[in-house]
Amino acid sequence: MNVAVFSTKTYDRRFLEAAAGGTSHSLHFYEPRLTIETALLARGYDAVCAFVNDRLDGDVLARLAEGGVRVVALRCAGFNNVDLQAAARLGIKVLRVPAYSPYAVAEHTIGLMLALNRCLTRAYSRVRDGNFSLESLLGFDLQGRTAGVVGTGQIGSVTAHLLHAFGCRVLLYDVIEDEACRSHGQYVPLDGLLAESDIVTLHCPLVPATHHMIDDAAIARMKRGVMLINTSRGALIDTQAVIAGLKSGQIGYLGLDVYEEEADLFFEDLSGRVIQDDVFTRLLTFPNVIVTAHQAFFTRDALEAIARTTIDNLTAFESGGPLANEVSIERIKR
Ligand code: NAD
C-alpha cells in the first residue's frame, strides 16, 4: 500500500523503514503534522500513518477520504485525537498499536518520581558549576510511602509493580479492576486514593470522563505536598488548577510528560523562539516541576515494537484479514 507518514522524525523513518522491509508497502515520509492544511499531501495514498498530535477530526478525515485514504494507522496507543464517528461514517478504518512497551512509560514515570524527589536536575547543574552544597536537595525515602495509581491497564499495572518493589504501599483505582494487579496493591475509591497518597500517578486514557479529572476539587482532596505525575495525556489535568496548587504548596512536586496544549510545542526544537504559551512557561518556573516532552515511550524497544505492529496492521488491512488492532466505536463501548 502507498502510505503517507505524517509528523515524521528521523527515528520514525529509521524504525518504520526497517519494519517495512520485505513488505509491499511504500512509505512516503512527511515532516509536518497532519492538519486540515496538510491533509492534501495524502491525496492519492491508500493509508495515512499518524502520531499523537496529528489532528484527525471530521474535517481532516473527510479530506483524507476524498483523496482516497481508506485506513489510518496510528503509531501510538491513544486515539483521543481521532473522531471515530466521522471515520466510521466515511468508511475509514482506524488501527492503532495498543501495546508496545508498557515498561518504557512506567520506567519513565518512576524516573520522574526519583528525579523530583532527589532533585536530580538541580544536583546535576550544581555539581557541574562547582557547587557541592546539599542545601535544599533533601528528598524522602519511597519505601513506606503511599503511592496511588489511577488507571491499572498495561502501563499502570507495571508502574504499580515497580512502586510495590520500592516498598511503597500501593493504592489502585480503575473503573475496571484487574485481578492480577491486586498482587501489587489495593483497589480503593478514587477519593480515598487522592486523600491518602503521597504520590499520585495517572495512567488512564483521555476520554470525556477523565478530562480534567485533576481539577481544583481533586487537588483540594489530596495530601498537602503531594507528588503528582502525569505520563498519560495532558488534558487529564487542569493545568491552571495545578499551577494554583503549586503556588499554594498543596502540590509539592509535579512531573509531566504530557501537556494539554502540547501539540504546538512538543517534538520540535523551539530553543531559538519565544514560547507564546504563558501557562506552559509558568510551569517551567517552578523549582519542583519537571517536564519532559512526551518522551516516556521513547526507547529502542518501544520504537521497534511500534513500527512492527504498525506495518502488521497495514498488512492485515491490505490482505482483508481480521483487524485485531482496529479502534471502532463498537469496540470502545464494549
Ligand atoms: P490501557 O488501556 O492498557 O489502560 C488504561 C486503563 O485506564 C484501563 O484499565 C481503563 O479501565 C482505565 N480507565 C479508563 N477510564 C478510567 C477512569 N475514568 N478512571 C480510571 N481508570 C480508567 O492503556 P495504557 O497502554 O496503560 O496507557 C495508559 C495511558 O498512557 C493512555 O492515556 C495512553 O495514551 C498513555 N500513553 C502515554 C505514552 C507516553 O509516551 N507518555 C505512551 C503510551 C501511552
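**Ligand site and domain arrangement**

Good morning. The protein is divided into domain 1 (2–100 + 300–333) and domain 2 (102–291), with bounds that come from an automatic or database domain assignment. This is a predicted model, in which local features need pLDDT of at least 70, side-chain atom pairs count only at pLDDT 80 or more, and totals for chains, interfaces and linings use all residues. Residues are numbered from 1 along each chain as its sequence is written, and side-chain values use heavy atoms, with hydrogens and water left out.

Taken over C-alpha atoms, the centres of domain 1 and domain 2 are 30 Å apart. Between them, 12 residues of domain 1 are in contact with 10 residues of domain 2, contact meaning heavy atoms within 4.5 Å.

I turn now to the ligand. Its surroundings comprise 22 residues, of which Tyr100, Gln154, Ile155, Asp174 and Thr231 are the closest; a residue is near if one of its heavy atoms lies within 4 Å. By class, this shell holds 9 nonpolar, 10 polar and 3 charged residues. Here Ala, Val, Leu, Ile, Met, Phe, Trp, Tyr, Cys and Pro count as nonpolar, Asp, Glu, Lys and Arg as charged, and the others, Gly among them, as polar.

Which atoms of Asp174 and the ligand lie 2.6 Å apart? They are a polar side-chain atom of Asp174 and an oxygen atom of the ligand. A side-chain N or O atom of Asp257 lies 2.9 Å from a ligand nitrogen atom, and for Thr231 a backbone N or O atom is 2.9 Å from a nitrogen atom of the ligand. The protein buries 85% of the 860 Å² that the ligand exposes when taken alone, by the Shrake-Rupley method with a 1.4 Å probe.

Note on methods. Polar contact = N/O pair within 3.5 Å; in protein donor to acceptor, adjacent residues only side chain to side chain.
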